[in-house]
Structures are given as structure tokens and as C-alpha cells.
Amino acid sequence: MTAFVLGATGFVGREVVRQLCVRGVRTVAHVRPDSSSLEAWRTRFAALGAAVDTTAWEETALTARLRELTPAQLYVLIGTTRAKAKIDRVDGDIYEAVDLRLTQLAVTAARASETRPRIVFLSSVGAARGARSPYLRARGKAEDVVTGSGLPWVIARPSFIIGDRDEARRGERGAALVGDSLLAVAGAFGGKQVRDKYSSTTPDVLASALIRIAEAPEHDRIAEGGALR
Ligand SMILES: NC(=O)c1ccc[n+]([C@@H]2O[C@H](COP(=O)([O-])OP(=O)(O)OC[C@H]3O[C@@H](n4cnc5c(N)ncnc54)[C@H](OP(=O)(O)O)[C@@H]3O)[C@@H](O)[C@H]2O)c1
């Protein structure tokens, strides 16, 4: 069984790669070819036992690569931030331009490859096509692309993902802390389901849950809540 991981260099992606390797899954970690840290990622992933793939984010190339590798699962763990979009010189609606467009590209390539991998899509709690936040709106549209693909799929909708990142995201960490405190209060007053749905998580817990739902017999389901239940 082969797992192909898009977004392998991310906070969650790198942990998914590590855990897949520990489980003995043949793991292909995708790194964008123009990554300024490509050699460091090659070393890091090689040490884990993962193969590194640098196929361009281009439909024909990605289709051909997926056809060669025939992965059982295609993890889509990508997404930009305002800081990253600035470095990448992405203008306009950055979440449509990156999160949605790259998900569309991955799904189109997976379909065209005729290998029918299961799409494992990392989304977010609150994702909805009609959401007011551009981020959640793009996530919602990307979910629609995945669910309408005709391929087997699973979608994970975590709340905040916290831990020691390469870059400081103080706002995110602060929001998670405040949110978790409020949720603890809500839980004490009987709002256990709300607490379960919105509590923050960590990459190791999330990666393990993602792999579990990726490999479970059931598919075409949205997983959310504590360790994605
Ligand atoms: N962080 C949270 O609290 C949270 C909560 C709920 C859901 N999520 C969702 O989960 C996703 C993954 O989270 P994360 O924390 O692992 O994110 P992350 O650390 O920022 O990783 C994002 C991944 O996307 C890739 N990427 C970003 N922009 C790209 C571009 N223009 N072209 C190609 N690749 C690009 C990055 O590649 P490089 O390393 O090469 O830049 C990296 O592999 C997020 O995008 C978000 O939508 C996050």
C-alpha cells in the first residue's frame, strides 16, 4: 500500500509522514519543487524512510505521477496563510488561489490517473461554501470538490492545531487558549458536544486520527470532534 502526501512539509503533514513510516506504509512525501528547503526535507524524510516527490503543481505531471505510484490514499494537507501567501506573492483571495485551487488540481489529477485513491482531505471546523470568512468559504468549496469527485473520500474538520511551529502564530495559539478555556466552562455546564467539537488538538493526535480514518473500511464521511471520533 502506498500513501501519497501533499502538504508533507506542513505542521500536520510532516507528522502524518512520520507516523505512516512508523507503521511501515510506503510513503511518498510531496515537496514543492521550488521549496527553498528542498534538501533539508530530502534529508529529513529519507531518515524517516519516506520517498520524496517533487512533481510540479501541474495537472498533467501530477496525473502521470499518480498513475505510476497508484497510491491507496492521497492525503491533501495543504493550505496557505497570510504570511506564506505574501512570500509566495499570491494576490487576491489567497485561500481560493491556494487552498481551493490546489485541492481542485489534486482531485482532478487523481481522477484522471484512473487509480481511484481515497482522498483524505484536511479541512476545518466551520468550513462551508456560504461562510463569511474567506478561509472557511474556500475550505467549504474545497470540501465540495472532494465530495463531488466520484472518488472515495474522507474529510477531517479539526479546530485549532497547536504546538511548536517553525513560525510563531501567536494569534492562533492565543485564540486556542481562550477557546479551550471557554469550552472547559461550557463542558462543565453540560455543553460536552460543543467542547468536543471545538477543542484544540495537536499534530500527533490529529495525524493518528487522519491515518485511522484514511485506512478504515468506511469512507465518504466527515470526521470531527475529539480525535475526530
Ligand atoms: N493550523 C490550524 O490551526 C488549522 C486548523 C484547522 C484546519 N487547518 C487546515 O489544515 C491545513 C494544514 O495545516 P498545517 O498547520 O499543517 O499548515 P502548514 O504548516 O501551514 O502547512 C501547509 C502546507 O501547504 C503547503 N503550501 C502552502 N502554500 C502552498 C503553495 N502556494 N503551493 C504549494 N504548497 C503550499 C506548504 O508547503 P511549504 O512548506 O512548501 O510552504 C505546507 O506543506 C491548513 O492549511 C488549514 O487549512 C489548520
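**Ligand shell and a buried polar chain**

In this predicted model, residues 24 or more positions apart account for 69% of the protein's contacts with a separation of 6 or more.

Q: How many helices and strands are there in the protein?
A: Let's start with the parts list, which holds both kinds of element. The protein has 229 residues, and 46% of them count as buried. As for helices and strands, the count is 9 helices and 7 strands.

Q: What share of the accessible surface of the protein belongs to carbon and sulfur atoms?
A: The total accessible surface comes to about 11,400 Å². The part that belongs to carbon and sulfur atoms is 51%.

Q: Which residues are the closest to the ligand?
A: The ligand is surrounded by 26 residues. Sorted by class, that shell has 12 nonpolar, 7 polar and 7 charged residues. The closest are T9, R32, Y135, I161 and R165.

Q: Which helices each supply at least two residues of the shell around the ligand?
A: Start with the domains: the shell draws at least three residues from each of domain 1 (2-158 + 202-228) and domain 2 (162-200). Now go down to the helices that each give at least two shell residues, and you get α5 (94-113) and α6 (134-147).

Q: How much of the area that the ligand exposes when taken alone does the protein bury?
A: Taken alone, the ligand exposes 890 Å². Of that area, the protein buries 89%.

Q: Is D99 buried or exposed?
A: D99 is found in helix α5. The cut-off for buried is under 20% relative accessible area. D99 has 1% relative accessibility, so this residue counts as buried.

Q: Which residue has a side chain in polar contact with the side chain of D99?
A: Leaving out residues up to four places away in sequence, D99 touches G79, T80, I94, Y135 and R139. The side-chain polar contact of D99, at 2.7 Å, is with R139.

Q: In which helix does R139 lie, and is R139 buried or exposed?
A: R139 touches I78, G79, D99, F121, L122, S123, S124 and A127, not counting residues up to four places away in sequence. The helix that holds R139 is α6. With 3% relative accessibility against a cut-off of under 20%, R139 counts as buried.

Q: Where is S123 found?
A: S123 has 5% relative accessibility, so S123 counts as buried. Beyond its neighbours within four places in sequence, S123 is in contact with R139, E143, I155, A156, R157 and P158. As for its place in the chain, S123 is in the loop between β5 (118-122) and α6.

Q: What is the length of the polar contact that joins the side chains of S123 and E143?
A: E143 is among the residues in contact with S123. A polar contact takes a pair of N or O atoms within 3.5 Å. The one that joins these two side chains comes in at 2.7 Å.

Notes
Residues are numbered from 1 along each chain as its sequence is written. This is a predicted model: local features need pLDDT of at least 70, side-chain atom pairs count only at pLDDT 80 or more; totals for chains, interfaces and linings use all residues. Side-chain values use heavy atoms; hydrogens and water are left out. A residue is near a molecule or strand if one of its heavy atoms lies within 4 Å of it. Accessible areas come from the Shrake-Rupley method with a 1.4 Å probe; for residues, only the protein chains shown count as cover. Helices (H or I, at least four residues) and strands (E, at least two) are DSSP runs, numbered from the N terminus. Ala, Val, Leu, Ile, Met, Phe, Trp, Tyr, Cys and Pro count as nonpolar, Asp, Glu, Lys and Arg as charged, and the others, Gly among them, as polar. Domain bounds come from an automatic or database domain assignment. Buried means under 20% relative accessible area, exposed over 50%, partly exposed in between (1.4 Å probe, protein chains only). A polar contact is a pair of N or O atoms within 3.5 Å; within protein, one must be able to donate a hydrogen and the other to accept it, and residues adjacent in sequence count only if both atoms are side-chain atoms. Contact means heavy atoms within 4.5 Å.
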